[in-house]
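Subject: Structure for your review

Dear colleague,

Please find below the structure I promised to pass on to you. My findings follow directly after it, and I would be grateful if you could read them with the coordinates open.

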Amino acid sequence: MERIPVLKISDFLIVTIQVALDDESALKLQEDILEEIAKTKAKGLLIDITAVDIVDSFMGRMIRDIARMARLMGPPTIVVGMQPAVAITLVELGLKMTGVSCALNLEKGLLMLKEMVEAKEREERTLEAEETEGYEAGA
Amino acid sequence: MRQVLEEVAVRNNTDIVTARNSVRTHAKQIGFGLVDQSRIATAVSELARNIVVYAKSGKVEIAKLNEDSKKGIEVVCEDNGPGIPDIEQAMSEGFTTGGSLGMGMPGTKKLMDAMDVWSEAGKGTRITIRKFLK
């Protein structure tokens, strides 16, 4: 079974898939990523699939599910580097990647992720501020 | 003329990867471009997974089609499993009895130029898919 490393760089987790994953390894990766999010308190997740040349319905669903599950825990996910042939195949296959943010490459993905994390933190601060105001008004 | 290039036994998750990689290599040698290689390999991945999930074991036969008018690749995915009770239902999007998304069969048809499904209850399933060089 292949084990894909989940790396933490500053506030982000970065996962680069460089081998052809069998179904079991893909499920293991899903678990590993979610456990790392909890353990490292990462603020964002980036999955790099530049080297992946086949994404079937199982793998596609796996990528989509990882993004959705991570979002439930908190951090936003960006999928980067999808090959043209993979994008064409996924659309023709009919797989909907609803709720998955994508970027052309690692660099653009990191920028996008930073913006998403900052926007989320601004939102959280506003909510906190509103709560505090509410308490003061009520006191 | 139909020339068998390779036969891959499919029994587990690793064999699914082997089958799709072999198909991809042969498709490339036959002369298919990157996008068609991806379409063909993805289709075979779906069918090979169906073998593992529903029939436990089976085989994938990869052949080269070399007729004057039509050149391309033919892949036969065969098993001695329980068979498909209702082929029409299996070919409709979103239908599954295996906990998947139900895209494998209809998706495969969309990715390939031709798809023939033979199945008999208790005997097995044989799915033949073809893609032709343009």
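The contact between the two chains draws 24 residues from chain B and 18 residues from chain A. On the side of chain B that touches chain A, the elements giving two or more residues are helix 1 (13-30), helix 2 (34-55) and helix 4 (104-111) of chain B. Helix 2 of chain B gives the most to that side, with 9 residues. Sorted by class, the side of chain B that touches chain A holds 9 nonpolar, 9 polar and 6 charged residues. Please bear in mind throughout that this is a predicted model.

Turning to chain A, its secondary structure consists of 4 helices and 5 strands. Read from the N terminus, the elements follow the order β-β-α-β-α-β-α-β-α. The C-alpha trace of chain A spans about 60 × 30 × 25 Å along its principal axes. Chain A has 139 residues, of which 35% count as buried. Among contacts in chain A between residues at least 6 apart in sequence, 76% join residues at least 24 apart.

The strands of chain A form an open sheet of 5 strands in the order 1-2-3-4-5, with mixed pairing. Strand 1 (6-9) and strand 5 (101-103) of chain A stand at the edges with a single partner strand each, so one side of each has no neighbour in the sheet. On average, and with direction ignored, neighbouring strands of this sheet are turned by 25° against each other. Strand 4 (residues 77-80) and strand 5 of chain A pair in the parallel sense over 3 bridges. Within strand 5 of chain A, Ala103(A) is the bridge partner of Val80(A).

Two helices of chain A pack on this sheet, as follows.

- Helix 1 (residues 23-40) of chain A touches strand 1, strand 2 (12-16) and strand 3 (44-48) of chain A, and its direction makes about 160° with that of strand 2 of chain A.
- Helix 2 of chain A touches strand 3 and strand 4 of chain A, and its direction makes about 155° with that of strand 4 of chain A.

Helix 3 (residues 84-93) of chain A deserves a separate paragraph. Which of its residues are buried? They are Ala85(A), Val86(A), Thr89(A), Leu90(A) and Leu93(A). These residues cover an arc of only 130° around the axis, which puts them on the same side of helix 3 of chain A. In general, an α-helix has 3.6 residues a turn, so residues three or four places apart point the same way. The face of helix 3 of chain A turned away from the buried side carries the exposed residues Pro84(A) and Val91(A). The buried residues of helix 3 of chain A pack against helix 2 (57-73) of chain A, together with helix 2 and helix 4 of chain B. Just after helix 3 of chain A, Gly94(A) adopts a positive phi of about 100°.

Finally, the nonpolar core. The largest one has 63 residues, of which Leu13(A), Ile33(A), Val44(B), Ala48(B) and Val60(B) touch the most other members. Helix 2 of chain B gives the most to this core, with 8 residues. Leaving aside neighbours within four places in sequence, Ala48(B) is in contact with Val10(B), Asp15(B), Ile16(B), Ala19(B), Arg20(B), Val60(B) and Cys77(B).

With kind regards

Notes: Residues numbered from 1 in each chain as written. Chains lettered and ligands numbered in written order. Predicted model: local features only at pLDDT ≥ 70, side-chain atom pairs only at ≥ 80, totals over all residues. Contact = placed C-beta atoms within 7 Å. Nonpolar A, V, L, I, M, F, W, Y, C, P; charged D, E, K, R; others polar. Buried ≥ 20, exposed ≤ 12 C-beta atoms within 10 Å, placed from the backbone. Arc of directions from axis to C-beta. Pairing = 2+ DSSP bridges. Axes fitted to C-alpha atoms, helices over the stretch in contact; angles between N-to-C directions. Core = buried A, V, L, I, M, F, W, Y, C linked by C-beta atoms within 7 Å.
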